[in-house]
Amino acid sequence: MTASPGRLGDLLRELAPQVLGALLRRHSGFEECEDATQEALLAAAAQWPVEGVPDSPRSWLVSVASRRLVDHIRSEQARRRREVTAAARELPDAAPRHEDGPGDRDDTLALLFLCCHPALTPASQVALTLRAVGGLTTAEVARAFLVPEATMAPRISRAKQRIRAAGASFAMPSARERAGRLAAVLHVLYLVFNEGYTAGSGPELHRGELTSEAIRLTRALHRSLPDEGEVAGLLALMLLTDARRAARTGPDGALVPLADQDRARWDAALIEEGVALVTGAMAAAPLGAYQLQAAIAALHVEAPRAGDTDWEQIRVLYGILCRIAPNPMAALNHAVAVAMTRGPRAGLALLAELDADPRMAGHHRLRAVRAHLRELAGDRTAALESYREAARRTTSLPEQRYLLGRAAELADRP
């Protein structure tokens with residue numbers, strides 16, 4: 001079977017956490033298993049375009065990665081003798097033994113919980129999971145945290161070392177342990193989805209392999225924990241957001257803002273499922289941040305036209321969100337809702353408070369929102385400056401083109 005370069009990349013990204021999970025089931029050593037997985041992925045990227053994708057690509061990757069790991073173990077001398085012997089018995093040279101068939105077991109959810117081990121700080125849990133399960137580069141993880149890459153790389157390395165030092169076993173944790181790690185797991189899935197829905201850098205606005213994987217994992221989590229309101233809320237938020245994907249770009253790949261999207265292109269089935277999920281969760285479970293965000297997304301997609309959007313209710317919901325789960329992005333969106341209900345000057349006043357937040361002070365979205373509100377307020381010169389500054393700060397080419405296009409359109413107005 002052959003695959004296009006794009007499809008091959010999607011396949012390898014999907015299989016990477018599953019291969020890593022298969023290795024971790026048999027071995028200790030997070031870093032060694034991840035290195036072996038990466039070597040197998042590189043081998044596949046080189047061989048499959050020439051030889052074709054094997055009938056069981058996951059089994060092929062597990063076999064190659066296992067041999068790489070055994071080779072690494074065998075390269076160690078005296079102090080590694082016991083590991084070499086154990087690995088050789090379990091994984092003979094020809095191919096690894098697969099307890100569940102040829103690499104057919106998907107361990108991704110177990111890997112997700114392992115990365116959220118309590119030995120790690122919450123920030124390290126999220127960072128390691130984004131790297132190992134989400135497949136994000138260190139630079140992409142850094143952007144998700146709004147920190148420099150040089151800060152993030154050591155954090156990920158330390159997280160792997162702590163997992164090893166804690167002697168964590170690779171298995172699904174008990175119900176009690178899962179409950180303790182759930183907040184970190186949900187945050188990870190949320191960030192993976194967001195990086196896929198609006199890629200932090202590169203030529204494409206959307207990275208379907210990340211949004212699909214985030215939705216797949218959240219569905220699996222929801223099946224395991226059907227009574228957890230925040231799991232249902234997060235799944236609803238993802239579905240309601242992803243429902244708009246087809247309308248987010250024009251034929252030339254240009255970004256189309258929400259207000260200008262063709263709502264007939266939105267996915268009605270995803271909207272129906274998402275609305276049902278968040279409605280049920282809010283009626284039966286304690287209110288949480290993901291439920292609130294899903295309720296806001298539902299208000300956007302249920303409006304027949306942009307002008308019918310219930311901005312007053314959105315403003316109230318963002319106000320509640322900022323109280324129960326304060327974060328700079330929620331505050332930014334709250335400022336937009338205030339601008340739509342109380343006028344752009346009121347929204348701009350709230351944005352001024354975010355200038356002092358180091359997580360947002362240099363972010364392009366703060367500049368982009370400020371540009372939009374200045375434009376609504378009739379301050380053309382200041383809006384032009386903000387659009388151009390936002391374009392300079394983003395590393396997403398579709399966003400950059402959109403922002404520069406807004407600036408050019410504003411400059412051409414009489």
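**Figure 1. Helices H6 and H8 come within 9 Å of each other, axis to axis.** This close-up is taken from a predicted model. Helix H6 covers residues 122-132, and helix H8 covers residues 149-165. Their axes cross at roughly 95°. Angles of 65 to 115 degrees count as roughly perpendicular, so H6 and H8 are roughly perpendicular to each other. From H6, the contact takes in Ala-123, Ser-124, Ala-127, Leu-128 and Arg-131. From H8 come Met-152, Arg-155, Ile-156, Ala-159, Lys-160, Arg-162 and Ile-163. Sorted by class, this contact of H6 with H8 holds 7 nonpolar, 1 polar and 4 charged residues.

**Figure 2. Helices H5 and H9 cross at roughly 105°.** What describes a pair of packed helices? Two values do: the angle between their axes and the distance between the axes. Here H5 spans residues 108-115 and H9 spans residues 175-197. Their axes come within 9 Å. H5 and H9 are therefore roughly perpendicular to each other. Which residues of H5 make the contact? They are Leu-112, Phe-113 and Leu-114. On H9, the partners are Arg-178, Arg-181, Val-185, Val-188 and Leu-189. The contact of H5 with H9 has 6 nonpolar residues and 2 charged ones, with no polar residue.

**Figure 3. Cys-115 is in no disulfide.** How many disulfides does the structure hold? The count is 0. For Cys-115, the nearest cysteine sulfur belongs to Cys-116 and lies 6.7 Å away. A disulfide needs two cysteine sulfur atoms within 2.5 Å. Is Cys-115 buried or exposed? Its relative accessibility is 0%, so Cys-115 counts as buried.

**Figure 4. Cys-33 has a relative accessible area of 0%.** Buried means under 20% relative accessible area. Cys-33 is therefore buried.

Figure 5. The protein has 414 residues, and buried residues make up 51% of them. Now take the contacts between residues at least 6 apart in sequence. Of these, 64% join residues at least 24 apart.

Definitions and conventions: Residues are numbered from 1 along each chain as its sequence is written. This is a predicted model: local features need pLDDT of at least 70, side-chain atom pairs count only at pLDDT 80 or more; totals for chains, interfaces and linings use all residues. Side-chain values use heavy atoms; hydrogens and water are left out. Buried means under 20% relative accessible area, exposed over 50%, partly exposed in between (1.4 Å probe, protein chains only). Contact means heavy atoms within 4.5 Å. Axes are lines fitted to C-alpha atoms, for helices over the stretch in contact, and angles run from 0 to 180 degrees between N-to-C directions. Helices (H or I, at least four residues) and strands (E, at least two) are DSSP runs, numbered from the N terminus. Angles under 35 degrees count as roughly parallel, over 145 as roughly antiparallel, 65 to 115 as roughly perpendicular and the rest as oblique. Ala, Val, Leu, Ile, Met, Phe, Trp, Tyr, Cys and Pro count as nonpolar, Asp, Glu, Lys and Arg as charged, and the others, Gly among them, as polar.
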